[in-house]
Amino acid sequence: MKNEQATQLLFELSVPGRTATRWPDSDVPDRPIDDLIPSRYRAESAPSMPELTEADVVRHFVNLSTRNFSVDTHFYPLGSCTMKYNPKRHERLAGLDGLGNLHPYQREEDSQGMLQILFEMQEMLGEIAGLPAVSLQPAAGAQGEFTSLLVAAAYFRDRGEKRTKVIFPSSAHGTNPASAALAGFDCVQLDPSPTGLVDPEQLQSHLDDSTAVFMITNPNTLGLFEKDIDRIAGMVHDAGGLVYIDGANMNAILGITRPGDFGGDMMHYNVHKTFTGPHGAGGPGAGPIAVRSFLADYLPGPVVRKETAEDGTVTYRLADPPHSIGRMRSFFGNVGILLRGYFYLRTLGAQGLRAVSENAVLNANYLREKLKDILPVPQGERCMHEFVASAKKQKDERGVTAMDVAKRLLDYGFHAPTVYFPLVVAEALMIEPTETESKETLDAFSDALHAIATEDPEMLHQAPYTTPVSRPDEVAAGRKPQLTWSPCLND
Amino acid sequence: MSYLFNTPQQTQEMLAAIGVGSIGDLLEQIPESLRLDRELDLPAPKSELELEQHVRSLAGQNVTATRRSCFLGGGAYDHFVPAVVDEIASRGEFYTAYTPYQAEASQGSLQAFFEFQTLICQLTGMDVSNASLYEGGTAVSEAAFMAMRVTNRHDRVVVLGSVHPEFRQILHTYTDHLPCEIVEIRCPDGVADLNLVKEQLDEKTSCLVVQQPNFFGCLEDVQELSDLAHSVGALSVVSVDPISLGMLERPGNLGADIVVAEGQPLGIPLQYGGPYLGILACRNEYVRKIPGRIVSLATDRNGQRCFVLGLQTREQHIRREKATSNICTNQGLLALRATIYMSLLGADGLGQVADLCCRKAHYAAEQLTALDGVELMFAQPFFKEFVLRVENGAERFVGAAREAGFDIGPLLTRFDTLEDPVRSEGVLVAVTECRSRDEIDALRDAVQNA
């Protein structure tokens, strides 16, 4: 039922003279355009853009949408990405006129409902983190990291300390070192340890009075809880440094333990993961940060404050913290995603939130157990919300790689796990089922992987077979990147 | 209500399969001393009905662009969004997908982003575009970092004082800890003074940052400014309003090396400032220095045309601390919205919208400045937005408009970095295609005695 015609490029569908929109005639007195804007500012010719009807556009994009896997259509166990169900109520509520059509420069007295929501969101995120001071400004997790590192830099500068070093484990997300470098720090990466956990002794050997921040994901990217985190944080603090918690894996610990309780000084959330703001095929996200009270004055502004008058009247106001590092982006933040996170938290409450993590951990351990005969997990006895299995045995015995397995899963109707990350596991398949999947789905996924384990390796090297395309030549595309359409493409 | 599937019986079956007695046993991975010994202190859960009532009541306290006639600008605008944009962007196949790492499972998104990149190039006259950045302000900083990499000059960025004050603040935050000096050039006349610009550009300058139309709505001489930048070997970075390109000359034809934009006007709702869309396009020779995701055409094993994430060796997940940016999650869904918007309008529709904005804005300026004590702050050509100087105080003026059902602004007092009297006496007025002559006349009547 493929519609190849409608999924040609927009530029190929274009027919001169077609239009999709009609605009009102101008209702103001007609004046020559030259009187309004001198010709030297105006374009001599219109840009060359496709000409389409409304139905062309609809059919094109609806057909394109069918060429995607998504949470709404498929099990999407992409490790580290927390691809959980995105409740439809959030979409309708975020689109309400009172929220969706509010201008960012609307006056505070005319935005009190919005400011109340954002204030309550700050409070809830502070409580879940165990870190009371919150900025909702960062647009995504990576910007949350960068923001926190700038907060740390400002804190040390105020204390007259010159600390230049940011340390992170080898299993860290790539954004950790990238953010540290952007914030002007020197990057120190720890060597992998056989357990998959941070080795406190190795960390100790890097700690000194130039250590600014130790960045750690907990549970880490192997899905293991860093059981020595308390001691690790103590060591970093003794060296005068700060501990940063990458909150990508918060889905494992909601209401069970808190970054602030296990030694973290700063953290970011990924609202688009943990709190189910949908991922939008690559954003938008929201990466709010939570920090200890002694860092609150450095947060980027604006933040929302609540003022209660003597007569009990409550007013919400925007304010810049006194020693703010400044602004990280225009306007307030990725409010549309923060709203969805707020709706989620107000729907779940404390017990519901804890149940999320308990079931995420249960589902991951169940699947881990079901797969251990074909895809063993090298590190750890159990896992938290995700696990990193290794296809090394299959590769050694049959020449079947993690990528082969991932691609073949698509034929069985499952999105692939994250592959080849973290690098510390050979032929890594990082699997995060999330709590919003059923035992039936997990069983079917396990059955598919078991079936694949017996399939002809030659056949697997060519998989998938049922998707619109198969095995793009990424090497060739990287050598000669073709990043826009041009008419000669069709010659 | 946590959207869970496991029934009590299934939970027991799963625990048995794992070989533990309870979920508590699984959580023993976390040392007991670190476990929270109480419930989180969060508000009680709500049913869908209760949540809807609660949120509707809060939403009702906000005055939106549909409730009060909206002449607010300053980087976010009340443009009309065709129904098709909302309809397509609300398809779960798009908005519940992840970043398209797995090409075979993501051809829909990848193709849409490739089309986005092409449309942005057509609109701006540039050669290549990335697949989006967070928003227009951070896009300026990313462009400045990119210019430093291209020119290998890391000491100096020159930015016009007519660039959005928030964009400039971001640039300061992003570079505060680096040796890079951010030099701001005063624009007392509302646009760049070319002599002042020339004085500040030197052989250490990585780029000159210009906004067109600028924060005050006025038009800059982009060609002259680009030439000045090039004369010292610096790059020309130009931040544009994409709607204006339905009428104004494309920056690619005016010497720009990197074009950035806030893409909100392209079919993205106001939603209190975000998520919006950062756009970044550049000349071909700089493509390997570009930040963020980018989609490339490729061929699959059957020789079929397809799309993949391209040039990934620039990115953080591979290059780590040597990446061209730390950005990972970008603004995919907003890039999709802009793609749909641009495909619906085409050059003709964009031209009509630009024409309507321009004509109505000039009519509004004419009507408002006919009032006693109200004049244009700057005698410069403008596009859809302008700064009024109000003798009796801009605050009162805005208050009178609000009383009568009109929002104008922002008041320039909110921007600490602007200088007096622009800051103390100025107010921005933006006019989009959505405003009618009747609204403009009624606004004029409402403020005439303010």
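Two bridges connect S11(A) with strand S12 (residues 428-431) of chain A, and the two strands run antiparallel. In this pairing, A:Thr418 is placed opposite A:Met430 of S12(A). Helix H13 (residues 402-411) of chain A packs on the sheet. There, H13 of chain A touches S11 and S12 of chain A, and its direction makes about 40 degrees with that of S12(A). The structure is a predicted model.

The sheet itself is open and has three strands. Their order in chain A is S10-S12-S11, and the pairing is antiparallel.

Chain A is divided into three parts: domain 1 (10-65), domain 2 (90-347) and domain 3 (355-476). For domain 1 and domain 2 of chain A, the C-alpha centres are 42 Å apart.

Contacts between the chains involve 168 residues of chain A and 162 residues of chain B. On the side of chain A that touches chain B, the largest share comes from helix H11 (residues 335-371) of chain A, with 22 residues. By class, this side of chain A comprises 87 nonpolar, 53 polar and 28 charged residues.

In chain B, the domain assignment gives domain 1 (69-81 + 346-447) and domain 2 (83-341). The centres of these two domains of chain B, taken over C-alpha atoms, are separated by 27 Å. Contact between them involves 26 residues of domain 1 and 27 residues of domain 2 of chain B. On the domain 1 side, the elements that give two or more residues are H12 and strand S12 (385-390) of chain B. H12(B) gives the most to this side, with seven residues. The residues of the domain 1 side of chain B fall into 17 nonpolar, five polar and four charged.

H12(B) also packs against another helix. Helix H12 (residues 332-369) and helix H15 (residues 437-447) of chain B meet at an angle of about 20 degrees, and their axes are 9 Å apart. H12(B) is therefore roughly parallel to H15(B). Their crossing is right-handed. From H12(B), the contact draws on B:Lys360, B:Tyr363, B:Ala364, B:Gln367 and B:Leu368. These meet B:Arg437, B:Ile440, B:Asp441 and B:Arg444 in H15(B). The contact of H12(B) with H15(B) has four nonpolar, one polar and four charged residues.

H15(B) has a further packing contact, with helix H13 (residues 394-403) of chain B. The axes of H13(B) and H15(B) come within 8 Å and cross at roughly 125 degrees. This angle makes H13(B) oblique to H15(B). The crossing of H13(B) and H15(B) is right-handed. Here B:Phe397, B:Ala400 and B:Ala401 of H13(B) meet B:Leu443, B:Ala446 and B:Val447 of H15(B). By class, the contact of H13(B) with H15(B) has six nonpolar residues, with no polar and no charged ones.

Note on methods: Residues are numbered from 1 along each chain as its sequence is written. Chains are lettered from A and ligands numbered from 1 in the order in which they are written. This is a predicted model: local features need pLDDT of at least 70, side-chain atom pairs count only at pLDDT 80 or more; totals for chains, interfaces and linings use all residues. Axes are lines fitted to C-alpha atoms, for helices over the stretch in contact, and angles run from 0 to 180 degrees between N-to-C directions. Helices (H or I, at least four residues) and strands (E, at least two) are DSSP runs, numbered from the N terminus. Angles under 35 degrees count as roughly parallel, over 145 as roughly antiparallel, 65 to 115 as roughly perpendicular and the rest as oblique. A crossing is left-handed if the near helix is turned anticlockwise from the far one by less than a right angle, and right-handed if clockwise. Two residues are in contact if their C-beta atoms, placed from the backbone, lie within 7 Å. Ala, Val, Leu, Ile, Met, Phe, Trp, Tyr, Cys and Pro count as nonpolar, Asp, Glu, Lys and Arg as charged, and the others, Gly among them, as polar. Two strands pair if DSSP finds at least two bridges between them. Domain bounds come from an automatic or database domain assignment.
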